[in-house]
Amino acid sequence: ASRCIEVALAAPLFRTFTYRVPDGIAVPVAPGTRVLVTFRNRPEIGICLGATEPPEGITLKPIQAVVDDVPSVPAALLQTAKWIADWYAAPLGLTLRSMLPTALSSAKAPAPASRTQRMVRIVMDLPSLLQREQTFARAKQQRVVYDLLEAQGGAAPLESLRVQANCSAGVFTAMAKRGLVDIRDEVQQRDPFADRPGTLPPPNPSAAQQEVVRAILAGDPGQVFLLHGVTGSGKTLVYIEVLRAILQQRDKTAIVLVPEIALTSQTVDRFRGAFGDDVAVLHSGLSDGERLDAWQSLRRGERRIAVGARSALFAPLERVGVVIVDEEHESSYKQSETPRYHAREAAIVRARIEGAVVVLGSATPSLETWERADRGQAIRLTLPDRAAGAQLPPVTVVDMRVELRQAVTARNPNAPFDEALGVFSTALLVALEQRLVRGEQSLLLLNRRGYSSFMQCNACGDVPVCPHCSISLTYHRVPEILVCHYCQYQQPVPLVCAQCSADTMRRRGMGTQQVERVLAERFPEARIARMDVDTTSGKWAHTQILDRVGRGEVDILLGTQMIAKGLDFPNVTLVGVVDADTGLNLPDFRAAERTFQLVSQVAGRAGRGPKGGDVIIQTRMPTSHAIRHAITHDVTGFVREELGARRMPAYPPFVSIANVLVSGLDQAATAATAVAAASWVQRLVDRQGLRDLVFVGPAPCPIDRIKDRWRWHFLLKSSQPTLMTRVARYIAERCPVPKQHELRLTVDRDPVSLL
Ligand code: ADP
Ligand code: ZN
C-alpha cells in the first residue's frame, strides 16, 4: 500500500497536504483518523483523508504519529464534511475541525477550568413591586442589584454582577447582612442536564400521531419528511415514538436537533424521560472535558441518541437511522462563521449518506421546506389538530394607531405625560388583569430588549449612535447606560445633546425593560419575570426562569423571541404581542416570513391546557399578510402569498443565493475592494457565458459598519445550485483582496440574514 496520505489541516486554505507515513506505523491509515504532523514548524492535528500517490520530485515530511485507534470521524461524517466544504465554499480542514470537540482537534491539551466561583443568591423573595419599594426605599444600589439578580433567575456570579451593577462589593455585604442575599463559593454547576429529572411523555399516541409515525418508519433510506403539526399537536411524542422504533426494532442510532438547548429544556427533558442515559445532551454549557466524555460515549455506542443545537449534527454516531430537526424554520440552524452551513440542509445530506430518514418538524415551516414538499422532494405529513382535544386559541388584533388616537383624546391635558401611553391597549390590560385574578399565567412578547430603542434630541433630532457601528445606541435603565447591541460598546446617558447642547434628550421606542416597569406599576402585586439577552447572561438562567414559570411562581413572563420557542405550559391562558411590527420593516427578504413565524409561534403558547386561552396582537400594520395569516393560524395562506412575492425579483426558495461580503477598517478601501471584486466576478460571468447567474450590487450593507469594520456586499442568484457551488468556491478561493486595512471577503451561501 502507498505510504503517502492526504491530510486536512485546520488552516484557512483551500488545499490539503501530503505526508509520508514512516516505517513503523502501519498502513493503510483509515480515512477519518487523526494524525499528528508538523505544519509550519508547529505540531498540529490533521485528519487523514486517505492514501494518495507521492508527488514527484518533492521530499515529503513524515507524520509524527497516528492518534486514533478508531477513526475520530466516521466515514459518513467525513463525506458530510466534504459536502459542507464544497457547498458552502469552506476549507475542508476548518470544516472538520468544527466537527470535533476542542480536546480532540488541538495538539495542546486543554487547560482545566476553575470549578468554584463566588455566587450571590437571593434568599428573601420580594415578588411584588410594593414589597420592593418598601425594602429598598433608601437603598437604590441594592435595588439595582436585586433586580439584576431576580432577572437572572435568582443567582449570579458576584463578579459579573458587580460589573453589571457598577457598584462596590460592599453593596453585596450590606444586602447579605439584611438577609436579602446569600454569598458563598459554589462549585460551578457544569451539566445541569445530568441531574434534571426527565419528564415522562404522554403514554398513548393518538390515532393521528400513530399514522404519522407509521409513515415516517415506512420511509425509504434518505427520505425527507416535513412534519407540519400545528402548535401543541404533539410533535414531540411523534419524535419519541419514531426514536423508540429506530432504536429498539432496528437497533440504529439517532440525532435530534433543537434550536437552542437552554430554551428548549422542556423538550429535552421529555427525551431524557423516555430514553434516560441513552441520550447525550450536547449543549454549550459543557466544559471541554464533559464535551469529550459525551462525544466518546456516542462514538463508543454507549449512548445512541445525540440531542443538541446545530453542531449535534456532527455527533460521531454510526448506523444513524433518523435525523430529527425540530422547529426546522429557526434561523439559528445557520452557522454565522466558517463553515457557514445550514444544519437542516446538512442534515438532509448526512441522512442520505447514512441511509437514514429525516424529519423536519414545525408549525410554521420555512418556505424552503414547504417548496421542497411541493416539488415532491419531501413528503408532507400533517397534524392539523392539537393533542388531547385542546383547541387553537382565538386571536384578537388591536390596531394601535386607533388605540393611540383614542388614548390621546381621552387623556387629561393637565395630567403628567404617561410613558405607558400606547404601550398597552385597553383590551390587553383587561385580559392581563383577568388572568391575575384567576391565578392563570400570561406571556408577553416584545422582540426588542433594553429600555428604549434609542435616544433622540427633541430640538435638533440627533440620535446617539455607536462610534464603532452604524447603529443607534439602546437606552438601558438597570444599570443606566447606552449600549450598542452589536459590539456591547457602552457610554453614560447624555444629559445634553452632543450636537446642539440642548437639554432635550428624550427616550424613543420601548424595549422589554420599559414594558416590565410599566407592567410592575400597573400590577404591583404581580410576579413578573423578564427573559431577554440581558437577563440570561448566566448559562442556565433561561432554564431557571422557565422552571419558575413551570412551578407557577411567575404570573407574567415577558420576553423577546426567546419565549416563543416550544414552551408548553398548560396554565398559560393569555399570550400578548406588545408590538408585532418590530421586525416587519427590516430590509431583508425574510422579514415577513420571520414575523409570521414569530407571531404564530408565540400565539401557539396559549391555551395548551384544559382552560383554553386567548391571544391579543398589537400592531400598526394589521393588513400586512404576515399578521393577517397569523391571526387565522393559516400557514398555507401565508405561504401562498409570500411565495408569490419571492418570484419577482427572484429570491429563495426559487433561486439559490450567495451573499458576498467585503469588510475592512477603511471605508474607501472597503468600497473599492467590493467594487473590484464585483467586476472581477462580472468578468468571470462574461468569460464563461454564465447566463444563469444574476448579480445584485455591490452596495453598502444595510448596517454598513459593525465593530469598526465597514461592510459592503453583493448578491449572486442562480437557479442552478451546481453553478452556484462552482462560482462561490471560485470567488472564495481566488478573488483578489488587497492585504491592507484588514480587508476580508467572505462568501455566505444560503444566507439567513442580509443585514
Ligand atoms: P408541539 O411540539 O407540537 O407544539 P408538544 O409536543 O409540546 O406539541 O405537545 C403539546 C402537549 O400535548 C404536551 O403537553 C403533550 O404532553 C401533550 N400531548 C401530546 N400528545 C398527546 C397524547 N397523545 N395524549 C395526551 N397528551 C398529549
Ligand atoms: Zn457598536
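This is a predicted model: local features need pLDDT of at least 70, side-chain atom pairs count only at pLDDT 80 or more; totals for chains, interfaces and linings use all residues.
1. Residues are numbered from 1 along each chain as its sequence is written, chains are lettered from A and ligands numbered from 1 in the order in which they are written, and side-chain values use heavy atoms, without hydrogens and water.

2. Have a look at Arg608 too: one of its polar side-chain atoms is 2.8 Å from an oxygen atom of ligand 1. Ser233 takes part through its backbone, with a polar atom 3.2 Å from a ligand 1 oxygen. Of the 570 Å² of accessible area that ligand 1 has on its own, the protein covers 79% (Shrake-Rupley method, 1.4 Å probe).

3. Now the surroundings. Ligand 1 has 18 residues around it, the closest being Asn204, Gly232, Thr236, Asp568 and Arg608 (a residue is counted if one of its heavy atoms lies within 4 Å). Six residues of this shell are nonpolar, eight polar and four charged, with Ala, Val, Leu, Ile, Met, Phe, Trp, Tyr, Cys and Pro taken as nonpolar, Asp, Glu, Lys and Arg as charged, and the others, Gly among them, as polar. Helix H10 (residues 235-249) gives the most to the shell, three residues; helices are DSSP runs (H or I) of at least four residues, numbered from the N terminus.

Methods
A polar contact is a pair of N or O atoms within 3.5 Å; within protein, one must be able to donate a hydrogen and the other to accept it, and residues adjacent in sequence count only if both atoms are side-chain atoms. Helices (H or I, at least four residues) and strands (E, at least two) are DSSP runs, numbered from the N terminus.
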